[in-house]
Amino acid sequence: MTSLLRIILTNLRRHRVRTMIGAAGIALGVATMLSVVGLLGGAVKMFERILRSDAEMVVFEKNVSDLFFSNVDVTIAEELAQQPFVKSVQPVLFAIVATPDRPVVTCFGIRPEDGRLQKGEWLQGSAADFRSDGEGIVLGERAADFLKAMPGESVELGQHSYPVVGIVRLENGFENGGVFMPLKACQDAFHKEGVASILAVALAPKHEPAEVKAWVGERYPKLTALENDEFSKSYSQFKILKTTAWVVGGCAFLLGGLSVTNTMILSVFSRIKELAVTRVCGFSRSQVVLMIFGESLIVSIFGVLLGWLLSTAGLWLLREVPALQGYIEPRIGWQEVLGATVLAAVTALFGAIYPAWYAARLKPASALRFE
Amino acid sequence: MSMIAIDNVWKSFDEGRIAVLKGVTLAVKRGELLALCGSSGCGKSTLLSLIAGLEDCDRGTVTIDGRERKTEREKVALLRREIGFVFQLHHLMPDLTLEENCLVPVIAVGDPVKQAKARMRELAEMTGVAHRLNSPVRVLSGGERQRGALVRALMNDPAILLADEPTGALDEENREIVFQMLLDLSRSGGKTLVMATHDQEMAQRCDRVLRMRDGKMVEP
């Protein structure tokens, strides 16, 4: 086996250009896949963190495809907060508004006691300026930048104008590019009187999520309560994003696979006599097949490594682009790398099937007469 | 018992339209050096391919050392241990070194490469290419390449050596050198040699000469 590996490596080495072209095909597939999966995975994680802020559970309207369409009566938050198994409940209303420069600006309708503003670094103003009975809004640092607004000035959002009372730097890109409005003002602005999109529920110590689920299930059958991880797994928007990422990545891989197939076909056709000689020298058909599959597999492994490097470098560069800072939080975890490696291996094996089959069926005597 | 026994073998190509061998019968003794002579297209190369198991005959039997080799596994085993093949063209892989080329049959068999290298060196000394073992084939002369091909054919110490016009692509000087080496190595190693050649003079230096014409054996 070691010797066969030696022949495989020698074959790849002596056809460097062909090997590099094959590996480049796989590398581009891997790089595209890891970049897309990494970018969208990062976006999903950022959104998850918005929901999680100091909470273990999310309550929202059952069967909605998007949290922007979920309506949960805010009085339920007060009722739920009274339960012994609950430490706190924060209603959050999500809304999207367009400004002349930006087609999408995310608005968060929250209460002043919501933890997310407390955690931020206040660049201007203070948490005390954000009042539930007022109309003053707080801008994430990026939002303040693209809305070109400072405290003391007003920002037009939808049909109304709102005074800016503070600017806060937040780690999460979505939040840092968002507008924080008092819940009531947000409800009024988006015609969502008395409702929130979600209730973020923090559990009291030594209590279980099942208690919240049971309470919600009994009293409000149109709502659902999920733990954060359950929500992440079941939320259809996340599923769509993740599926899209893998489908786009998979298509890129198919193209990479075609390149490997092409390379291997070329490799077999250009050395028909050599393959015949190896058969005359005692190579069995299975050894020839192993040799072709081995070459393809090694090209793929090389392509995976190259693709991994390319995607890591590409994402790092993207993250450094000032306009994208905070919005890009690529996550290339071991699952993504494993997925790409497995796909590359499968692609390599599938790509080598026809060349290997052709090589194994070569009749040495005829092949040696081949011109 | 003959080392090679061919009994009433027929072989055609192109779905029977081109008959190449027409009832060939032949027996080669162990250690015998046999020259097959005849014009191009008379069936010499096809006969060698049938002996090596590279082609199947349409009718008749080919027996090596008393056994017919019918299955793929048997044919592979035949090529690995019992037969070494030298072609008119060296058919060495040009980008590999001579050493790497010579080790291909060893890798096919799965024998330890380290031990095989000792044998390779010995054969390379005998054929005068030891100093070229680490050179890529593309920089070797025609004679060196063919001598390298001879080393490769003998690496697994086969009992039978098949040579298809082994000197046909060489100049006069190298032709004599390579041919003499082929005879010497076959005789000293007790090998059975079947060599297809046009060259009458060289053929006469073998133990026996057979002539083929139009797919049949004819009287010498």
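Below are some questions and answers about helices, strands and rings.

This is a predicted model, in which local features need pLDDT of at least 70, side-chain atom pairs count only at pLDDT 80 or more, and totals for chains, interfaces and linings use all residues. Residues are numbered from 1 along each chain as its sequence is written, chains are lettered from A and ligands numbered from 1 in the order in which they are written, and side-chain values use heavy atoms, without hydrogens and water.

Q: Why are α12(A) and α13(A) called roughly antiparallel?
A: The axes of helix α12 (residues 285-320) and helix α13 (residues 334-361) of chain A cross at roughly 150° and come within 8 Å. Angles over 145 degrees count as roughly antiparallel, so α12(A) and α13(A) get that label.

Q: What makes up the contact of α12(A) with α13(A), by class?
A: There are 19 nonpolar, three polar and one charged residues in the contact of α12(A) with α13(A).

Q: Why is the pair of Tyr354(A) and Tyr358(A) called tilted?
A: Their centres are 6.2 Å apart, with 50° between the planes. Rings of Phe, Tyr and Trp (its six-membered ring) pair if their centres lie within 6.5 Å; planes under 30 degrees apart count as stacked, over 60 as edge-to-face and the rest as tilted. Both tyrosines, Tyr354(A) and Tyr358(A), lie in helix α13 of chain A, four residues apart.

Q: How do you know that β4(B) and β5(B) pair?
A: Two bridges join strand β4 (residues 59-64) of chain B to β5(B), and two strands pair if DSSP finds at least two bridges between them.

Definitions and conventions. Axes are lines fitted to C-alpha atoms, for helices over the stretch in contact, and angles run from 0 to 180 degrees between N-to-C directions. Angles under 35 degrees count as roughly parallel, over 145 as roughly antiparallel, 65 to 115 as roughly perpendicular and the rest as oblique. Ala, Val, Leu, Ile, Met, Phe, Trp, Tyr, Cys and Pro count as nonpolar, Asp, Glu, Lys and Arg as charged, and the others, Gly among them, as polar.
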